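Good morning, and thank you for coming. Please look at the structure on the screen while I describe how it is built and how its parts meet.

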Protein chains: 2
Amino acid sequence: MTVTLSEVRPGAYYDSVVLMQLQSALADLSGVEDAGVVMATPANCDLLAASDLAVETKAGSDDLLIVVKGFDQESAEDALGQVDALLNRRRGAISQEFRPRSLDAAIKQLPESQWVSISVPGRFAAGVAKDALNLGRHVFMFSNNVALEDELDLKNLAQEIGLLMMGPDCGTAIINGVGLGFANAVRPGPIGLVGASGTGLQAITSAIHNLGSGVSQAIGTGGRDLSLEVGGTTILQGLELLSEDEETEIIVIVSKPPKPEIVTKLLASALRINKPIVVDFIGYPPAARRIANIHFASGLEDAASLAVKLAGDSPNLGVQSSFGEGRQKGYLRGIFSGGTLAYEALLGLQAFVSPIFSNAPIYEYQRLSDVWESKNHTLVDMGEDEFTQGRLHPMMDNDLRLRRLAQEAADPEVSVIMLDVVLGTGSHDDPAAELGPAIMAAKESSQKQNRNLEILVIMVGTEEDSQALIEQEESLTAAGALVFQSTIEAVDYAIQRLAVPSPLRGKSVELERFKRPLSVINVGLEIFYDSIKAQDAEVVQVDWRPPAGGNERMMALLAKMK
Amino acid sequence: MTVTLSEVRPGAYYDSVVLMQLQSALADLSGVEDAGVVMATPANCDLLAASDLAVETKAGSDDLLIVVKGFDQESAEDALGQVDALLNRRRGAISQEFRPRSLDAAIKQLPESQWVSISVPGRFAAGVAKDALNLGRHVFMFSNNVALEDELDLKNLAQEIGLLMMGPDCGTAIINGVGLGFANAVRPGPIGLVGASGTGLQAITSAIHNLGSGVSQAIGTGGRDLSLEVGGTTILQGLELLSEDEETEIIVIVSKPPKPEIVTKLLASALRINKPIVVDFIGYPPAARRIANIHFASGLEDAASLAVKLAGDSPNLGVQSSFGEGRQKGYLRGIFSGGTLAYEALLGLQAFVSPIFSNAPIYEYQRLSDVWESKNHTLVDMGEDEFTQGRLHPMMDNDLRLRRLAQEAADPEVSVIMLDVVLGTGSHDDPAAELGPAIMAAKESSQKQNRNLEILVIMVGTEEDSQALIEQEESLTAAGALVFQSTIEAVDYAIQRLAVPSPLRGKSVELERFKRPLSVINVGLEIFYDSIKAQDAEVVQVDWRPPAGGNERMMALLAKMK
């Protein structure tokens, strides 16, 4: 018959590594079947129960709970009696070099440090990070369970003064060849990464190395950076750094799929960077393999192999440098006869321009309230029921589309019109004969108003079709249209005219300082001190204790007195 | 001052082509600025208003409304006076060859016909299709605005008797080289397509031709075939046909993104087909470029070029023939330390097995109610807050994962366990030393129960990491694990063990009969009669009129009397 005994140490703070080591030392004692050493949060108490180590206790989240299951009463009691000795043995093992007790003192010891790595418990982390930023240091924050409000404050502060605030909950980074947090040993190389996904960055950097290429920088941002609230502050800063860094030839962005607004903000900004960019929003539906300089990867493995392949190609291959030249103000209007083509165009456009409306929307908030009247960017699918009841499909009968074309062309806010023309059996036997003159008239009337209206035509068909693809193309080109062979080619052209990159507020991060050899102050888990040291980077460990012994009221008072 | 006049012809039925031609003939008359000829549905009245042709009228959906805007009263009156003459001119132009008035009569005229093509107005279409199926003919239904209930009845009937019911709202097909509905002229070749997306199929077949390859069959299904209600009946029949057809080497599936349940049903069935399959669910997030024999395309252009590339490769390259061999009953349990790896694994698995639960779900209905207790297929991400508060991250501390591994291994319903191991700085310094013995113990205890428990390990890292990738791999392999270098490789293996293909109910479609030269009875738009004839296929046009003059009550009576 086993016996389970427990002990509570109220308000005791220990590094999680110490707790893990104590638990495993207790479990290794003879006569002990299992042991648990945890801060007594509700989740941890559930966990003890799941391991058959449940005890009745009034201990709370700030209390250390030690549970021992012995094969008999004596063994269990004996094990609990050894707790202090085991803790002291651990303490004795810590290297006895001098350790500053505060961040200020650590910075005096290592004035060239540009980074503070923070892995203290979540509720203390924001305070440490604020001090670090105010002392002019970039922050790598491994700690999780940090309030969103604190994250917003810290990221705003960092951006104002031109510093990076990576995290909270930032699992990984490789800065100038040195790994912070969890990171893999990879060779230096031409691929720079930025991402809100820790093991995603690790999997891609490892795969890049295993494929024979290498990494310039890997900038983690923390999982919430691409949330609507934070809005991608750190990822946009990281992108800017990587775009300026000459050693970075290819950029990889990795994240779980952000909200559509954030996708648009990020991709419109990525468009203006004159480097190929591989995007893996894991679980985001890409409209194409490539649009402009953006290569959409499907999965981590694919992201790595795409990046390595692009790095092996001649520099800047596949990069559109025309972005910004001839940029148009104004709106796009799409007038489609093919439902799938309209859907694919919407899917591609919505990644770069926003808001965009349609009678056949992908998201309900994109629904056009009045299908007869466009607003902002709009795509209409004229093959939908509301346009075809009791009349021919628009692929047979151009009447409605011609009327809509004239209506859109007359709108002074419109600068790009997109049309599809689907050839083949059943379709109109000479669409260019009707669309050509209408396109010419639309172009002419807009020129009279000093507008440069562009009309893009997506043409589907073959030279064997009775309407003859090439003749149709030539005829529409002569009328002033730009003719494309696929939806995505037309989308590619349109977004380079229309997308609005998101300007960074605040001060840019200084590249020269960022690229100096890494020098770090570590506050929190000693594991990270050890790993930075093992990579031959300069590092100082702060002998951190919770302020005011972890007493929240006292902490608040102390913070006010600063 | 222009004058707008109108005329209503109650309950008059005209082919939409006739209406289009009448409208354009009226608009071409001298003295006429514009004209509208429509069935007076609310949508069409809106449309007239949008074209500045609004009139006050009591005409309803079954009434023909003719509107003329003349430059003066006389011209407008004169134009309306010419309506009958214009309609008669059209009638005279129709070829005067004998035309059967009923489907039965048409089939007597063309007994070898296997297909009936239907493009009559939606409310009459289901009746014609039911007759056609009962007469043993496949149906291609271009008509839209058909009730979902009718679609379900028709597709169930078709499946029971081994016929294809393509549509309603089926825009396109290429059967044995002949296009039905809207279709492009493409050369014959090794690529067979099936899809719920009309212009999607047209864009891909055209691109395949333009890339130099060709098409064996293109089977449209109608836009609702992949809805939850219809459940993919026609697409599954089409897949079965293409899998049996020796001329089809590569299969392409195209559709807007179906509901997750339907994706799983379709892809699990596609897995067992011993041919490469390119899937383009436009707007569906693929977890990888390829899983087993399924190649996920991003966009129509990409689908075409992937298919052409695969067709150019040696036959069956990239095809996993191991599906079904050593198939496992039972569930998969994933125990992850890396959040992104868990997410990617879930994304990949959910496309093939269902339901699957997680504490970090992609869809809310996948949420695991008790994170300590798995059910069905389950992935847990042990890096989430509920597992890490007040303790070390599972990449540093294996304790919780080892406990969970033992728990899952003891569950007799479990046949596959998936784990990740992330090497590098900060991570545990020898994970194999702890996981290896646990894996060995789990394998041994399952063998004692005559279970074949498989343990898959996804390993992230490089040979330069201090834990040394290859040693870790060897050590876990020796313990009995299968080690993979990426999430997707592990998912690929797992789904071939666990996915359950969806069996077709009813009778298979007979391939030999399907592949006979196309012979069609056309009911509805003469445009389609013309285009089938132009392709040198046999076709008979039915001189169709609405039953009972379109009177719904009489139609119901007639239907009862059959």
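Chain A contains 20 helices and 22 strands. Please keep in mind that this is a predicted model. Computed along its principal axes, in the computed sense, the C-alpha trace of chain A extends over about 95 × 55 × 50 Å.

Let us turn to the interior. What percentage of the 562 residues of chain A count as buried? The figure is 56%. As for the contacts within chain A, consider those between residues at least 6 apart in sequence: 69% of them join residues at least 24 apart.

Next, the contact between the two chains. Chain B contributes 83 residues to it, and chain A likewise contributes 83 residues. On the side of chain B that touches chain A, the largest share comes from helix α8 of chain B, residues 198–210, with 8 residues. What kinds of residue make up that side of chain B? It divides into 35 nonpolar, 35 polar and 13 charged residues.

The average pLDDT of chain A is 91, and 94% of the residues score at least 70. Where in chain A is the pLDDT below 50? This applies over residues 316–321 of chain A, a stretch that has 11 contacts in the model beyond near neighbours in sequence. For the complex, the predictor gives an ipTM of 0.89 and a pTM of 0.90.

Thank you for your attention.

Note on methods. Residues numbered from 1 in each chain as written. Chains lettered and ligands numbered in written order. Predicted model: local features only at pLDDT ≥ 70, side-chain atom pairs only at ≥ 80, totals over all residues. Contact = placed C-beta atoms within 7 Å. Helix = DSSP H or I, 4+ residues; strand = E, 2+ residues; numbered from the N terminus. Nonpolar A, V, L, I, M, F, W, Y, C, P; charged D, E, K, R; others polar. Buried ≥ 20, exposed ≤ 12 C-beta atoms within 10 Å, placed from the backbone. pLDDT = per-residue confidence, 0-100.
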